[in-house]
Amino acid sequence: MQTLTADYLVVGGGAMGMAFVDELITDTDATVVIVDRCHQPGGHWNTAYPFVRLHQPSAFYGVNSRHLGSDAIDQTGWNAGLFELATSSEVCAYFDQVMQQRYLPSGRVQYFPMCEFDWDAATPTFRSLMSGETHQVEAGKIVDATYMHVTVPSMRPPPYAVADGVACVPPNGLPGVAGQYDDYVIVGAGKTGMDACLFLLKNAVAPSAIKWIMPRDSWMFDRAFIQPGKAFADVINRNFAAQTEAAADAESLEDLLEKVAATGFIMRFDEAVWPTMWRCATVTSAELEQLRRIEQIIRKGRVRSISTTEIALDDGTEPTHTGALHVDCTADGLERRPAVPVFDGNRITLQSVRTCQQVFSAAFIGHIETSYDDEALKNELCTPVPHPDDNRDFVRCNLANNRNAARWVAEPGLAEWLLHARLDGFSNPETTPDPRDPEVLAQKQSLSQIAEKAAVNMQRKLDETA
Ligand SMILES: Cc1cc2nc3c(=O)[nH]c(=O)nc-3n(C[C@H](O)[C@H](O)[C@H](O)COP(=O)(O)OP(=O)(O)OC[C@H]3O[C@@H](n4cnc5c(N)ncnc54)[C@H](O)[C@@H]3O)c2cc1C
């Protein structure tokens, strides 16, 4: 057994581990050991379906120190007019370059791919999945970059029984079976299910050949409002002001969601069906228009089993046949993990500190680690915001994000870091209005009064629905 020494042992070379290490490399001379069971950095992006793309612009994904993509605006397709979205292979190539061109040449990072870390061992230990060789690590701090527990469908069998003779694949299998099936059954209505439907529609499969099993309808963000840069700033700022007014005036949780939907920020699949799921799925209105072409929507709860003739669901059955391909899109990529202190002695547990902004959160935690000593203050600045799941979470997460943001602005120097952090897609010098401009100042003061009223009202609505 070999013994390694480093200031930090980072378990998990996914997007969060990589974004955290970037801050260490930029701001300190710390040494780092990174251990991951994958063959290259990027975590779940290595096993994701081949047609997946980022849901959000590449412009604010990855690590702070290096651009991802070329900040191009898509000219064609269902994302036309908006910032480009990296494919999974671009994301993997990007993280590989960060490792090969920045971390390893720094001489401060040792990287151990294809290795399993043993959380139960008395001393930090990992084992090569190839050779079986074990290493012990004497590390100043251990960083858990696995805690968010991301799962994609190809990582595990479907969570329901599938009889012999039934064709059932994760979305990874879709491109390889083109033309072999008459019908498609998409199981799951989260972002992966949406992506699978869009893949079929984009490849000229008739909507009538698609059956979509939708246990819960989901709210979706309109990607047009999640864009960086000057060109979008006015529209986004106006939308944000409208949302804040909606939150201040809402009479109930439903009324709040209706009012926010009226601003265009969130959308639903079917205006006649009230969504109960809130999972940060992000689409364009053109994508939603495509999804709405699918008419066979099965709202009978979750799938329990699939036989060659029938799909059994919580609330009924649905006919199927051996000429249909069932696509399992049910994995939980956003598991709601209990919030734990980010900083706890020599353990750092990476979690979201802004809803569905995991890489930003990991970089932010990295910055706090490199800039502060007081553990209580560090935890105060890094209050976790667990992933959303249902409509109440829209309010819970917004309140928690706002509380964190207010705390950060009050912390000397932190606002300046945020302003220049590439991963903070919501503030940068180009789009932040000049606070010395009297008109901007007046608008800011008026919005902050409404924001205070909105915070009180949202907390009340949350308590009423507890
Ligand atoms: C399909 C999909 C699309 C997404 N799109 C976006 C997007 O557009 N924008 C956005 O901000 N977020 C997006 N997300 C959210 C996404 O989860 C995060 O951005 C991020 O990639 C998560 O990274 P992670 O490091 O937390 O997790 P992971 O990618 O899961 O990385 C964890 C790593 O830890 C390793 N590991 C775990 N246990 C061990 C062990 N015991 N020993 C060794 N290694 C271990 C795993 O091998 C893995 O490489 C998306 C998620 C999914 C599923």
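In this predicted model, helix α7 is mostly covered, with twelve of its 14 residues buried. The buried positions are Gln358, Val359, Phe360, Ser361, Ala362, Ala363, Phe364, Ile365, Gly366, His367, Ile368 and Glu369. The cover over these buried residues includes α1, β20 (347–349), α8 (375–381) and α10 (414–420). From its first C-alpha to its last, α7 reaches 20 Å, close to the 20 Å expected at 1.5 Å a residue.

Helix α7 also takes part in the ligand shell: α1, β4 and α7 each supply at least two of the shell residues. The residue ranges of these elements are tabulated here.

| Element | Residue range | Contribution to the ligand shell |
|---|---|---|
| α1 | 15–27 | at least two residues |
| β4 | 115–118 | at least two residues |
| α7 | 358–371 | at least two residues |

The largest contribution to the shell comes from α1, with three residues. Around the ligand there are 31 residues, of which Gly12, Gly14, Ala15, Gly43 and Gly333 come nearest. By class, the shell residues divide into 15 nonpolar, 13 polar and three charged.

At the level of domains, the assignment gives domain 1 as 2–148 + 334–391 and domain 2 as 151–217 + 294–329. Taken over C-alpha atoms, the centres of domain 1 and domain 2 are 32 Å apart. Nine residues from domain 1 and eleven residues from domain 2 make up the contact. On the side of domain 1 that touches domain 2, five residues are nonpolar, three are polar and one is charged.

Terms used. Residues are numbered from 1 along each chain as its sequence is written. This is a predicted model: local features need pLDDT of at least 70, side-chain atom pairs count only at pLDDT 80 or more; totals for chains, interfaces and linings use all residues. Domain bounds come from an automatic or database domain assignment. Two residues are in contact if their C-beta atoms, placed from the backbone, lie within 7 Å. Ala, Val, Leu, Ile, Met, Phe, Trp, Tyr, Cys and Pro count as nonpolar, Asp, Glu, Lys and Arg as charged, and the others, Gly among them, as polar. A residue is near a molecule or strand if its C-beta atom, placed from the backbone, lies within 6 Å of it. Helices (H or I, at least four residues) and strands (E, at least two) are DSSP runs, numbered from the N terminus. The expected span of a helix is 1.5 Å times one less than its number of residues. A residue is buried if 20 or more other C-beta atoms lie within 10 Å of its own, exposed if 12 or fewer, and partly exposed in between; C-beta atoms are placed from the backbone.
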